[in-house]
Amino acid sequence: MISMSSILSSRSGLILFFLCLVPLATAYLDQGDYLLRICSTAYLYMLLALGLNVVTGFTGLLDLGYVGFYLIGGYTAGLLMARLGWSYWAALPVAAIHGGLWGLLRGAPTLRLTGDYFAIVTFGFSELLFRIVKNEEWLIGGPNGFVNDIPAPTLFGYELWQYWQQYYHILILLILTLLVVYRLHNSRIGRAWQAISQDEEAAQTMGINLHEYKSLAFAISAAIGAIGGAFFAQFQVNISAGVFEFWESILILCMIVLGGIGTLKGALIGAAILGSLGEVLRISLSWMRLPADSRYLIFGAILVMMMRFRPAGILRSTQKSP
Amino acid sequence: MKEPVLVLDQVHASYGNIKAVKGISLTIKSDEMACLIGANGAGKSTTLMLISGILKPQQGTIWFQGQSLEGVTSEKRVQMGISQVPEGRHIFPEMTVLENLELGAYRRRDKIEIKQDLEQTFTLFPQLKERGQQRGGTLSGGEQQMLAIGRAMMSRPKLLLLDEPSLGLAPLIVEQIFEIIQQINQVGTTVLLVEQNAHLALMVTDHGYVMETGKITIEGESKELIADQRIREAYLGE
């Protein structure tokens with residue numbers, strides 16, 4: 001069993017300390033900015049994996065459309081900033097709330113569903129959103145999306161567009177998310193989710209309101225996805241529909257499966273590996289003159305190997321308990 | 001005369017077009033141990049689900065301690081003192097025995113008393129104490145049934161609903177479990193037992209109801225029902 005308290009222990013403090021030093025080290029490297037970009041991307045995926053883990057890991061419902069909330073967050077923040085001139089710091093919480101609301105809305109008709117049926121609805125939801133943003137020209141630019149018109153966030157008069165600034169920006173968002181999810185996991189709410197994931201009927205006879213607790217998980221998970229999207233919007237400067245394809249949902253799902261589903265450490269480790277690997281592969285595959293999308297073949301191969309040799313994830317935790 | 005804990009008055013329920021319960025009425029007195037017997041598909045489990053609030057009746061009223069349960073959610077009913085041991089035990093397989101028991105007290109906030117009740121559960125089921133840190137899914141069938149009953153007792157019920165506690169268990173274990181159920185009843189919990197094993201159920205209870213295709217056809221003192229010729233023929237295999 002993994003001791004979750006270790007996240008806040010001195011060892012975690014040490015890890016965090018080193019993570020904070022990374023930009024100082026990369027400042028002396030030729031490829032420093034590239035490294036920071038890989039790290040930031042990995043942190044973003046870690047944040048998304050934590051969010052997906054709330055539904056798929058904690059309550060045990062397979063969500064195949066998580067990218068939908070990522071999309072909502074990205075487009076909400078993008079629209080508010082690029083079209084209405086909002087500050088990022090106002091757009092970020094609004095995007096999170098907007099995502100959370102859609103989490104509830106998507107959740108409402110699926111409350112009675114489990115297993116494959118739930119998964120199909122989530123898939124349909126994200127595909128629907130994807131098609132809409134891909135074809136809507138007037139407001140969000142259709143398939144091209146927002147081109148270079150999402151401004152950088154400003155803090156005390158400084159524009160935060162440099163890589164080391166983005167690095168700290170996403171690191172702080174990640175840590176805050178981790179704290180929230182960690183606290184939830186170890187609360188009464190977390191225990192109720194755990195009960196629901198193991199036996200819905202029994203959970204109900206214990207006096208756990210299934211609809212309430214599932215809805216809460218949907219909203220929190222979606223809000224985290226939307227926060228990731230809002231960060232991504234300003235990080236990429238331009239966002240377009242292509243980023244939010246179905247495969248992205250599968251990739252995030254692979255991350256939590258790789259690390260060990262249902263555990264926070266698992267989600268973080270899985271996302272760190274696949275998130276950074278994705279970025280590295282995209283560059284190295286083009287050197288080898290292979291299409292960038294062939295990285296999915298490698299992800300697939302990793303997953304097959306995992307299923308064969310470590311079906312419970314890298315951390316080998318078969319438990320859904322903390 | 002003792003105050004009734006539970007009253008069902010002309011309750012109907014159905015799954016889609018299929019009528020499962022067709023206007024049943026029953027009264028369970030305080031501290032009593034009653035049973036609902038009948039063949040498979042007679043509507044016994046449905047009746048329990050109506051009482052615990054997992055299913056809503058289409059017609060009729062259920063009264064608990066003089067209060068109508070209409071519109072009362074299942075989690076509120078747990079808080080009021082109705083606790084159900086579902087058919088097939090439904091243990092949380094990945095949680096330890098202790099965690100399972102603690103979830104039984106989910107609606108309670110009185111930490112000290114929860115701890116006392118935990119000790120009491122362990123005196124009732126000493127086997128569970130030994131297995132406290134073991135995962136629920138690794139227990140034997142009998143132990144899982146004990147855990148399911150212990151977990152239900154952790155909510156301090158006034159009315160304990162038991163759905164087929166003998167299902168799939170060896171006769172010796174069944175005997176052991178029924179002894180404990182009787183003990184629970186003697187300490188002051190009203191029990192409603194649903195069983196296919198009619199003989200066993202009538203042996204341990206005070207009052208019995210026989211259900212057939214959604215209706216209660218016979219009712220009476222359990223010791224009289226054992227002697228009843230109709231029941232002997234239909235359920236006791238004579």
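## Contacts along chain A

In chain A, 76% of the contacts between residues at least 6 apart in sequence join residues at least 24 apart. Two residues are in contact if their C-beta atoms, placed from the backbone, lie within 7 Å. The model is predicted: local features need pLDDT of at least 70, side-chain atom pairs count only at pLDDT 80 or more, and totals for chains, interfaces and linings use all residues. Residues are numbered from 1 along each chain as its sequence is written, while chains are lettered from A and ligands numbered from 1 in the order in which they are written.

## Overall build of chain A

Chain A holds twelve helices and two strands. Helices (H or I, at least four residues) and strands (E, at least two) are DSSP runs, numbered from the N terminus. The pattern along the sequence is α-α-α-α-α-β-β-α-α-α-α-α-α-α. The radius of gyration of chain A is 19 Å, close to the 20 Å that the globule rule gives for 322 residues, so chain A is as compact as a globular protein of that length. That radius is taken over C-alpha atoms, and the rule is 2.2 Å times the number of residues to the power 0.38. Along the principal axes, the C-alpha atoms of chain A fill a box of roughly 55 × 45 × 45 Å.

Of the 322 residues in chain A, 46% are buried. A residue is buried if 20 or more other C-beta atoms lie within 10 Å of its own, exposed if 12 or fewer, and partly exposed in between; C-beta atoms are placed from the backbone. In soluble globular proteins, nonpolar side chains tend to be buried together.

The largest nonpolar core has 153 residues, and Y45(A), M46(A), A49(A) and M255(A) touch the most other members. Helix α9 (residues 210-236) of chain A gives the most to this core, with 16 residues. Such a core is a set of buried Ala, Val, Leu, Ile, Met, Phe, Trp, Tyr and Cys residues joined through C-beta atoms within 7 Å. Leaving aside neighbours within four places in sequence, Y45(A) is in contact with I252(A), M255(A), A271(A), L274(A) and G275(A).

## The sheet in chain B

Chain B has an open sheet of six strands in the order β6-β7-β8-β3-β9-β10, with mixed pairing. Its edge strands are β6 (82-85) and β10 (215-221) of chain B; each pairs on one side only. Two strands pair if DSSP finds at least two bridges between them. The twist averages 15° from one strand to the next.

Strand β8 (residues 190-195) of chain B is mostly covered, with six of its six residues buried. T190(B), L192(B) and V194(B) lie on one side, and V191(B), L193(B) and E195(B) on the other. β8(B) pairs in the parallel sense with β3 (residues 33-38) of chain B over five bridges. There, M33(B) stands opposite V191(B). Five bridges also join β8(B) to β7 (residues 159-163) of chain B, again parallel. From β7(B) the chain crosses through helix α7 (residues 171-186) of chain B to β8(B), and this β-α-β crossover is right-handed. Right-handed here means that, with the strands pointing away from the viewer, the path from the first strand over the helix to the second runs clockwise.

## Where the chains meet

The contact takes 15 residues from chain A and 20 residues from chain B. α7 (188-198) and α8 (200-205) of chain A each supply at least two residues of the side of chain A that touches chain B. α8(A) gives the most to that side, with four residues.

Definitions and conventions
Axes fitted to C-alpha atoms, helices over the stretch in contact; angles between N-to-C directions.
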